[in-house]
Amino acid sequence: MDHILTNTPEKITQKGTYETALSDHQMIFCTRKAQKYKTNCHNYIQFRSFINHTVESFENILRSQEFPNYSEFDNVDIAYSDFISRLTNAVNVSAPCRRKRTKAQTEEWFDGEIAESILLRNKLYKKFKKNRIHINEQIFKEAKYKVVNLIKQKKKEFFKNKLNENIGRPKELWKTIKSLGLPNKKSNAGNICLKDQMGELQFNSEVNTKIFKNFFSNLASDLVNKLPMASNIFTDTSTTKFYEGYNIIPNSFNFYEINESYIYKQLIAINSHKAAGIDNISGRFLKDGSKVLALPISQICNLSIKLSTFPKDCKVAKITPLYKKGSRTEAKNYRPISLLPIISKVIEKTIHQQLEEYLSSNHIFYKFQSGFRSNHSTDTCLTYLSNKILTGFDNGLLTGLIAIDLQKAFDTIDHAILLRKMKILGFSENVIKWFTSYLSNRVFHVNINNTLSDAGEVNSGVPHGSILGTMLF
C-alpha cells in the first residue's frame, strides 16, 4: 500500500519498516547513499544584545566618538563614510552582536499530560504487536484516540486563551492567528528556489540571488526598449510653452541649508522598528542617539547641498524578493522590496520638503493630482471623480472612464527627460546637478537568507523605497 520507488537501487543501503503507533500502517524507510557532512554541527542565529543598551549610555558612547565638523570637509562621500564608521563603532559597543544556538522548540500547548498519554499509547501498541490479542488491540486504540482528542482539546484551550488575552492588542492577536496556520507570504521569503537559464531548479541562496539580480537589472531596460518611438509632440519647446502661464522664473529654485533642530525633529519621529538598510543601522539607534546625531547629520546634509552631491553609500539598496503570484520558481513573480539606509531618507526628507514648497507655491502641481501629495489621498480622488459623474448625470450626460495601468512605471522614468523638465520648471544648475548625482550610479544587492548578491546597476527610473521617488515620478 505504501511504497518507495527508485531508479537507482544501487544507492540504497538499507530498507524496512519502522513500528509506530501513529497509524495502522507501518512507516517504511530506506537509507540512500549521500555525501558525508560534518556531524554535531548546530544552527546559529546572529542578533544584537540590548541588555546594557539605554538611551543615556548610548548618548555617552556617541559623544566619546568625537564626530568632526563635517561642514569643513570637501568630499561628502568621505564625510558620510567617516560618520557611518563612528556610528557603527558606537552601536557595536552599546549593543554588541551575539551568536545563539537554535534549538527545536516544543509547541506551547504540549504539556506533561500529553507526553504521558503518548508514552502509554506506545507501550500498549508494543504489547498488542507482541501477542496480537484482540482485547489488547481495543485497549491500544482507546489510548490512541485519547491522545488525538487530548491534543485537540489542549490546542483549542490554548488558542482560545491566547485570543482572549490579546483581544485588545492587534499585533499579538495577529501573531496568534498566524500561528494557527493562516497563510503568510513573508514566512516563505527565505525558502526560495528558482529555475535557472537551463530550466533546472536551484536551491542555493547564492545562486538565486544572482538570478534575481540579473532579472531586476534587465527588467527596466527590457521594458524601455519595447516602448515605441516618441511622436515628438511633447518636446522641450512644447513643454516650455505649456508652463508659460505659470510665470516661472529661470534658475529661481535653490536649496537652502537646514539647522540641527530640524534634523532632530526628524530623528525622534523615526519608527524604532524601521528595518535597516545595507549599513545595518536600524531606526532605534538613530532615534535613541538623536540628541547627539542631529548635529553631524545636519552638517552632512548641508555639505551635500553645498557640493551638489548625494553620498554614494546612500545610493545602495538592499532588495528582498517577496512572492507576489504565479509560479514560485519564476523570478518575475516576485516583487522587489527595496531597503535604503535610513540616514539617506533623512537627507531626502529635507530636499523633499523644499521641493514640495516650491512646486506648491508656484501651482505647478496639477490641481486634481491626489497621489503622493500632502493633504491628498484616494478619498480626494474618489470625491472628485464621484462628483464629476453625478454632475454628468444631473446634466443628462454620459460619463466614460479610461483607466491606465502602467507596467513598472517607476522603473522606466527617463533621467534625461526628467532633468530637462527640471530646468524648464526653474531649477537652478546646482539643484539639477544634485539631482543628477542623486539619480546616477545607483546599485542594489539582492538579499536571501542573509546572502547578498553582487551589485546590480540601476540606469533608469526613480529609486524604490525612497522619499523623493514618488515626488519625482
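Let me begin with what a patch is here: patches are made of residues with over 30% relative accessible area and no salt bridge, where like charges are joined within 9 Å and nonpolar side chains (Val, Leu, Ile, Met, Phe, Trp, Tyr) within 5 Å. Accessible areas come from the Shrake-Rupley method with a 1.4 Å probe, and for residues only the protein chains shown count as cover.

Before the results, please keep in mind that this is a predicted model, in which local features need pLDDT of at least 70 and side-chain atom pairs count only at pLDDT 80 or more, while totals for chains, interfaces and linings use all residues. Residues are numbered from 1 along each chain as its sequence is written, and side-chain values use heavy atoms, with hydrogens and water left out.

With that said, Tyr366, Phe368, Leu382, Tyr384, Leu385 and Leu401 make up a nonpolar surface patch, whose accessible area together is about 590 Å². Tyr366 sits in the loop between α11 (342-361) and α12 (378-394), where helices (H or I, at least four residues) and strands (E, at least two) are DSSP runs numbered from the N terminus. Tyr366 counts as exposed because its relative accessibility is 52%; the cut-offs are under 20% relative accessible area for buried and over 50% for exposed, with partly exposed in between (1.4 Å probe, protein chains only).

Staying with α11, helix α8 (residues 260-268) packs against α11 at an angle of about 120°, the axes being 10 Å apart, and that makes α8 oblique to α11. Axes are lines fitted to C-alpha atoms, for helices over the stretch in contact, and angles run from 0 to 180 degrees between N-to-C directions; under 35 degrees counts as roughly parallel, over 145 as roughly antiparallel, 65 to 115 as roughly perpendicular, and the rest as oblique.

Now to the charged pairs: how many salt bridges does a search of the whole structure find? The search finds 5, a salt bridge being a side-chain nitrogen of Lys or Arg within 4 Å of a carboxyl oxygen of Asp or Glu.

One of them joins Asp82 and Arg86, with the closest N and O atoms 2.8 Å apart. Because these two residues are 4 apart in helix α2 (residues 76-94), about one helical turn separates Asp82 from Arg86; Asp82 is partly exposed at 21% relative accessibility, as is Arg86 at 24%.

Another joins Lys154 to Glu113, with the closest N and O atoms 3.0 Å apart. Lys154 lies in helix α4 (residues 134-165) and Glu113 in helix α3 (residues 112-131), so this pair ties together parts that are 41 residues apart in sequence. Lys154 is buried, at a relative accessible area of 15%, whereas Glu113 is partly exposed, at 42%.

There is also a salt bridge between the side chains of Asp236 and Arg420, at 3.2 Å from N to O. This pair links distant parts of the chain, with Asp236 in helix α7 (residues 236-242) and Arg420 in helix α13 (residues 415-424), 184 residues apart. Asp236 is partly exposed at 38% relative accessibility, and Arg420 is partly exposed at 40%.

Finally, some backbone detail: most residues other than glycine have a negative phi. Arg132, although not a glycine, has a positive phi of about 55°; Arg132 is located in the loop between α3 and α4 and is exposed, with a relative accessible area of 52%. Asn247 likewise is not a glycine and has a positive phi of about 55°; its place is the loop between α7 and α8, where Asn247 is exposed at 63%.
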